[in-house]
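This report covers one protein model. Please look at the sequence and the structure before reading on.

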Amino acid sequence: MMGRQGVPLILCAPSGAGKSTLVKKLCEEFDLSFSISCTTRLPRAGEKDSIHYHFIDKDTFEKKIQANEFAEWAIVHGNYYGTPLKPLIETLEKGKDIIFDIDIQGAAQLLLSLPTARFVFILPPSLEILKNRLELRGTDSAEVIEKRMKNAIGEIKNSHWFEAWIVNDNLERAYDELRSFYLSCTLAPKLRPQLIKNILGK
């Protein structure tokens with residue numbers, strides 16, 4: 001099969017919408033790379049450098065910002081987070097597809113820095129169901145859940161520019177839709193700019 005460039009697949013969703021489960025299923029079925037971000041926060045228990053994050057200090061991170069080394073970056077809860085651009089480009093040029101599990105602000109930056117990126121927003125069936133899911137997780141206080149719900153409303157309102165909306169009310173159906181979107185992305189002509197020339201022998 002003639003080679004193609006890799007697909008940068010960007011997934012966004014409110015906390016509790018089930019994005020992580022869908023990402024895991026897609027990565028289990030297909031040979032996808034997972035984008036690894038840089039951060040200035042300290043590693044949590046069990047986290048390993050260059051596997052979960054690239055852990056770097058604030059001064060190094062800010063120098064990378066000045067050198068335009070990030071595809072996207074942001075400050076979250078007082079810490080820097082960013083996606084290194086050079087390894088992304090190298091991976092995509094090798095024909096390897098990359099999946100991003102990222103917030104909507106980061107996705108908006110990737111829209112500018114990765115011209116071939118494709119964007120999916122995972123939606124909950126309703127705000128009530130989303131809140132129930134967050135409560136059932138049992139990992140957040142009522143105050144944190146309210147903050148997550150407020151953020152979710154803002155994210156959903158700003159999801160209009162995404163290419164695909166997938167409502168995660170049934171996991172298997174939602175996965176089928178994500179899988180179909182991903183496969184269609186791999187067929188984009190712009191990923192194979194030389195294909196027609198090769199077929200025609202010109």
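The model is predicted: local features need pLDDT of at least 70, side-chain atom pairs count only at pLDDT 80 or more, and totals for chains, interfaces and linings use all residues. Residues are numbered from 1 along each chain as its sequence is written, and side-chain values use heavy atoms, with hydrogens and water left out.

**Sheet**

Helices (H or I, at least four residues) and strands (E, at least two) are DSSP runs numbered from the N terminus. Two strands pair if DSSP finds at least two bridges between them. An open sheet of 4 strands has the order β4-β3-β6-β5, with mixed pairing. Because β4 (54–55) and β5 each have a single partner strand, they stand at the edges, and one side of each lacks a neighbour in the sheet. The pairs are as follows.

| Pair | Sense | Bridges |
|---|---|---|
| β3 and β4 | parallel | 2 bridges |
| β3 and β6 | antiparallel | 2 bridges |
| β5 and β6 | antiparallel | 6 bridges |

T39 stands opposite F55 in β4 and opposite Y81 in β6. W73 has G82 in β6 as its bridge partner. The hairpin of β5 and β6 has 2 residues between the strands, and H77 in the turn has a positive phi of about 50 degrees.

**Nonpolar cores**

A nonpolar core is a set of buried Ala, Val, Leu, Ile, Met, Phe, Trp, Tyr and Cys residues joined through side-chain atoms within 4.5 Å. The largest has 23 residues, of which L9, L11, L26, I99, V120, I122 and L178 touch the most other members. The largest share of this core, 6 residues, comes from α7. Leaving aside neighbours within four places in sequence, I122 is in contact (heavy atoms within 4.5 Å) with residues including C12, P14, L22 and I166. A second, separate core of 17 residues includes L92, F100, L114 and L123.

**Largest pocket**

A pocket is an open set of points on a 1 Å grid where a 1.4 Å probe fits, with protein on both sides within 12 Å along at least five of seven lines; lining residues have an atom within 4 Å of a point. The largest pocket holds about 1,800 Å³ of space. Its lining has 50 residues, and K19, D101, I102, D103 and R148 are the closest to its centre. The largest share of the lining, 7 residues, comes from α6.

Terms used: Grid points are joined across faces, edges and corners, and a volume is the space filled by probe spheres set on the points. Buried means under 20% relative accessible area, exposed over 50%, partly exposed in between (1.4 Å probe, protein chains only).
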